[in-house]
Amino acid sequence: AFHGYYSYAGGVLFAGALNIHGKPDGKGVLYCLESGECDVGSFSPDLKQKGPGVRFNRERDKAFALEDGELKDRIYVLSKALERVGLEKAPAERHKGLISSASGYSQARKEQVKAWYHYRSLANLPMTESAYGVNKYPPVWEKDKTKTTIPQ
């Protein structure tokens, strides 16, 4: 297994462990673009949540226990919700209000990105940093205190 993203039609995004076919298979966060909610837990390739999990609301200030994908009780203390799934902090917000609309091709943007990578090449800096900034969707797990490294 490796860490990455799997995006579904309709704006559903999985960030976490993927199998050899690039499909979700293990611990991760499932973001729903429409409602803004996200589920954290362990998932099978067909997106069925297995075992204990947590659903966070759009604002990430409320959490609900999940057990094998079934919604259970509300968890009133956010730290208990994070502890249940082993997260260091609540997942980043992701909903339609935060996603900018597509702007199409831009010659100026193309030249800016080209200049970014040219500068990094001349300065002998790693080419792995994106010109678009840091991706905020990889989960940060409490146990290892390391951010999951996912190529952009």
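Leu 87 touches Val 40, Phe 56, Leu 82, Pro 139, Val 140, Trp 141 and Glu 142, leaving aside residues up to four places away in sequence; a contact here means heavy atoms within 4.5 Å. The model is predicted, so local features need pLDDT of at least 70 and side-chain atom pairs count only at pLDDT 80 or more, while totals for chains, interfaces and linings use all residues. Residues are numbered from 1 along each chain as its sequence is written, and side-chain values use heavy atoms, with hydrogens and water left out.

**Overall layout**

- The protein chain has two helices and seven strands, where helices (H or I, at least four residues) and strands (E, at least two) are DSSP runs numbered from the N terminus.
- Read from the N terminus, the order of elements is β-β-β-β-β-β-β-α-α.
- Along the principal axes, the C-alpha atoms fill a box of roughly 55 × 30 × 30 Å.
- Of the contacts in the protein chain with a separation of 6 or more, 31% join residues 24 or more positions apart.

**Surface and charge**

- Of the 152 residues in the protein chain, 36% are buried; buried means under 20% relative accessible area, exposed over 50%, and partly exposed in between, using a 1.4 Å probe and protein chains only.
- The accessible surface of the protein chain is about 9500 Å², and carbon and sulfur atoms hold 54% of this surface; the areas come from the Shrake-Rupley method with a 1.4 Å probe, and for residues only the protein chains shown count as cover.
- There are 23 positive and 18 negative side chains, with the centres of the two sets 5 Å apart.
- In that count Lys and Arg are positive and Asp and Glu negative, without His or the chain ends, and each charge is placed at NZ of Lys, CZ of Arg, CG of Asp or CD of Glu.

**Nonpolar core**

- The largest nonpolar core contains 18 residues, and those with the most contacts inside it are Tyr 31, Val 40, Val 54, Phe 56 and Leu 87.
- Two or more residues of this core come from each of strand 2 (13-18), strand 3 (24-31), strand 4 (38-43), strand 5 (49-56), strand 6 (63-67) and helix 1 (78-85).
- Helix 1 gives the largest share, three residues.
- Such a core is a set of buried Ala, Val, Leu, Ile, Met, Phe, Trp, Tyr and Cys residues joined through side-chain atoms within 4.5 Å.
- In soluble globular proteins, nonpolar side chains tend to be buried together.

**Positive phi residues**

- Most residues other than glycine have a negative phi.
- Arg 60, in the loop between strand 5 and strand 6, has a positive phi of about 65 degrees and is buried at 6% relative accessibility.
- Asp 68 has a positive phi of about 55 degrees; Asp 68 lies in the loop between strand 6 and strand 7 (70-75) and is partly exposed at 48%.

- Tyr 8 sits in the loop between strand 1 (2-7) and strand 2 and is partly exposed, with a relative accessible area of 25%.
- Not counting residues up to four places away in sequence, Tyr 8 touches Pro 24, Pro 45 and Leu 47.
- Tyr 8 and Gly 26 are 18 residues apart along the chain, and their C-alpha atoms are separated by 17 Å.
- Ser 130 belongs to the segment after helix 2 (107-122) and is buried, with a relative accessible area of 15%.
- The side chain of Ser 130 reaches the backbone nitrogen of Tyr 132 at 3.0 Å.

How values were computed. A polar contact is a pair of N or O atoms within 3.5 Å; within protein, one must be able to donate a hydrogen and the other to accept it, and residues adjacent in sequence count only if both atoms are side-chain atoms.
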